[in-house]
Amino acid sequence: MMALSYEARIGVARAAVDYLMGRDAAEMTALVPNCPGWTVYNAAVHVGRVSVAWEEMIKCTPGDTTARERAYETSGKRPTGAEPAELARWAHAAIDRMSGDASKPCFFSMTGGPGTTGLWAWHAASELGVHRLDVEAALGHEHAISDIEAVDATTYVCEFFLPAMRRAAEEDPGAVTAELLSDTGECLHTINIDSASTHQVTVRGSVVQVLLALWGRPHTGVDLVDGDAEVWDAWRQLPGKVFQFGTWD
């Protein structure tokens, strides 16, 4: 199985923050087609603010039932119009909380309860990696994500992110098998989303494109191999049902 180490996930998350917050003034005004309503600056604000919420949740015990609500209240109190350097400080402060001991227990939003700082590091590497892909596409930059990073991020999506979306939306579209390919067509890994439903689908495509698809982003070259295309479509729509994009600042 292709998986990043805990330390590598921390590194991926930090690199994504530095990339997003390091854009120049003109780049910050560019629109992000993957996220309607966002500029690159809005994406940077999202990363900065959501990182504040992450840091607050990491401070909470696994059984703290109001942790998520309080964390986002804290995030919402940060000043608007923050400079990218300040947003970067917010994000790196959260990553600092994830660093040092992967087994430290804490509240984890994707389970709504028990988690560890190691799971937060995996979450950060996966989500911030996708936001980096969003901004790279908006600016016409070649994507920097490696095959192993993309497989690791996609595995996280299937094990934690989309099951959390399923619980929040109270929908179970069905089982998914995704064959993840390199840019040269080599099969790198096969992942699954288990389901109690009898509906199922198997898809095949570039791991980066499958990752974008599972986040509800525009994508290309992901082919239906077998099963019900409606299952695949329903999963791709779930993130947008649970999280509404907005400019925030």
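1. Let me begin with α8: its buried residues pack against α6, α7, β3, β4 (187-193), β5 (200-206) and α9 (229-242). Helices here are DSSP runs of H or I with at least four residues, strands are runs of E with at least two, and both are numbered from the N terminus. Buried stands for under 20% relative accessible area, exposed for over 50%, and partly exposed for what lies in between, with a 1.4 Å probe and protein chains only. Contact, here and below, is heavy atoms within 4.5 Å.

2. A word on the basis of these notes. The model is predicted, so to speak of local features a pLDDT of at least 70 is needed and side-chain atom pairs count only at pLDDT 80 or more, while totals for chains, interfaces and linings use all residues. Residues are numbered from 1 along each chain as its sequence is written, and side-chain values use heavy atoms, leaving out hydrogens and water.

3. Back to α8, which is mostly covered, with eight of its eight residues buried. They are Val-207, Val-208, Gln-209, Val-210, Leu-211, Leu-212, Ala-213 and Leu-214. After α8 comes Gly-216, with a positive phi near 75 degrees.

4. Next, the contact of α1 with α6. The axes of α1 (residues 6-21) and α6 come within 8 Å and cross at roughly 35 degrees; axes are lines fitted to C-alpha atoms, for helices over the stretch in contact, and angles run from 0 to 180 degrees between N-to-C directions. This crossing is left-handed, a term for a near helix turned anticlockwise from the far one by less than a right angle, clockwise being right-handed. By class, the contact has 16 nonpolar, three polar and three charged residues. Nonpolar covers Ala, Val, Leu, Ile, Met, Phe, Trp, Tyr, Cys and Pro, charged covers Asp, Glu, Lys and Arg, and the others, Gly among them, are polar.

5. How does α6 meet α7? The axes of α6 (residues 117-139) and α7 come within 9 Å and cross at roughly 115 degrees, and the crossing is again left-handed. From α6, Leu-119, Trp-122, His-123 and Ser-126 take part, and they meet Asp-152, Ala-153, Thr-155, Tyr-156, Val-157, Glu-159 and Phe-160 of α7. Six of the contact residues are nonpolar, three polar and two charged.

6. Which residues have the most contacts inside the largest nonpolar core? They are Trp-54, Met-98 and Trp-232, in a core of 81 residues. Such a core is a set of buried Ala, Val, Leu, Ile, Met, Phe, Trp, Tyr and Cys residues joined through side-chain atoms within 4.5 Å. Helix α3 (residues 40-58) gives the most to it, with 12 residues. Leaving aside neighbours within four places in sequence, Trp-54 is in contact with Ala-94, Met-98, Trp-120, His-123, Ala-124, Glu-127 and Leu-128.

7. Arg-166, in helix α7, is buried at 18% relative accessible area, and its side chain reaches the backbone oxygen of Asp-194 at 2.9 Å. A polar contact is a pair of N or O atoms within 3.5 Å; within protein, one must be able to donate a hydrogen and the other to accept it, and residues adjacent in sequence count only if both atoms are side-chain atoms. Ile-193 is found in strand β4 and is buried, at 2%. Among the residues that Ile-193 touches are Cys-158, Leu-162, Arg-166 and Trp-235, and Trp-235 is also one of those touched by Arg-166.

8. Finally, two loop residues. Glu-170 lies between α7 (147-169) and β3 (175-181); its phi is near 55 degrees, positive in a residue other than glycine, and Glu-170 is exposed at 74%. Gly-221, in the loop between α8 (207-214) and β6 (223-227), counts as exposed at 53% relative accessibility. Beyond four places in sequence, Gly-221 touches Arg-204, Gly-205 and Ser-206.
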